[in-house]
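Subject: Structure handover

Hello,

Here is the structure we talked about. Please have a look, then read my notes below.

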Amino acid sequence: MCNKDCCAVKTALTIRRMKMLAEKQLKEEAAAPPKKILLTPQSAIFSYEDCKRMADFIIARTEIRPKFGVVCGSNLDMLAQLIENPIVIDYSEIPKFELYTDDLHKSKLFAGTLMGANVIAMQERFHVYEGNPVGSCSMPVRVMKLLGIEYLFVTCASAAVNKHYNVGDIMLVKDHINILGMIDNSPLIGPNDQRFGDRHFSMINAYDQQLIEKAQEIAHEIGCENRIWTGVYCCLGGPAYETPAEHRLLQQIGADTVGMSLVHEVVVARHCSMKVFAYSLVSVPSIDAPQLPEAVLLAQLEDGENVSMELLCRMVYKIHNNL
Ligand SMILES: O=P(O)(O)O[C@H]1O[C@H](CO)[C@@H](O)[C@H]1O
């Protein structure tokens, strides 16, 4: 046990030692070369020229000018496989296109025809939680714009927030809540390139109302009107799923489904005036839903996947033939 004097001496020594260390650190910092600060505003990571080079590469490889672009969601990669006689390009072949993705074997573009129309589909999208800046995740949309795409179909898997939605149901997206964007993580932060679009633009009718009505018509045609809803999608950062308290919050703010993608792609698509149609396949039940056996959920999901393929084909056919 030390006495009072002993501790006082120790404290004085400690203070002197800390002072010396701090002075040494300051001297070292002053001598070190200045640190490079990388300014990477979201919208400047991929320039217009980068996107143009990627589009030119794809056009040279596929020799088609697609009218429709499709982004496949998780569990929806079979949508790309609907394309007839496709030219398949691995993302890694396209200069600068390859980003971080968990599912390398699905990292492919499919270009060909669907119901007589020229279509290009991304079999797998890039996610923010995979380590990609949000501006990079939406870069493929700009490439699609420069390919000449008029209609962007964005699909995704989601969890039901609305307690009436079941696994395997499809929600046509009529609006979104972009939590990432609200907290300063928009794909358009940084210098605005006017060649893509105006700095400020409206997000009213971002999800084209006429296209939603067409899809609702199709829901009746195929007898799925009780399984195809129209609602609001909310994007979270992930990769963890939301907590029960967050789920309740999402219910209160008006979300019907929740996922970790889609909204930044749609923001970028609307910035460059593409017509957007989006739907999400409910893959996870709401916390209020009755517990169902795994096998039942899987069967419902498989059913929903089939409906989503039918929906895509019929949408493309109707739009392409002005029906
Ligand atoms: O949005 P997509 O790409 O369909 O994927 C959804 O499914 C994954 C979670 O299971 C998350 O990435 C979520 O966003």
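A residue counts as near a molecule if one of its heavy atoms lies within 4 Å of it. By that rule, the ligand is surrounded by Gly73, Ser74, Arg125, His127, Tyr129, Cys156, Ala157, Tyr241, Gly259, Met260 and Ser261.

Two notes on the source. This is a predicted model, where local features need pLDDT of at least 70, side-chain atom pairs count only at pLDDT 80 or more, and totals for chains, interfaces and linings use all residues. Residues are numbered from 1 along each chain as its sequence is written, and side-chain values use heavy atoms, with hydrogens and water left out.

Now the polar contacts (pairs of N or O atoms within 3.5 Å; within protein, one must be able to donate a hydrogen and the other to accept it, and residues adjacent in sequence count only if both atoms are side-chain atoms). Serine 261 places a polar side-chain atom 2.5 Å from a ligand oxygen. The protein covers 85% of the 340 Å² of accessible area that the ligand has on its own (Shrake-Rupley method, 1.4 Å probe; for residues, only the protein chains shown count as cover).

What kinds of residue form the shell around the ligand? By class, there are 5 nonpolar, 5 polar and 1 charged. Here Ala, Val, Leu, Ile, Met, Phe, Trp, Tyr, Cys and Pro are nonpolar, Asp, Glu, Lys and Arg are charged, and the others, Gly among them, are polar.

Best wishes
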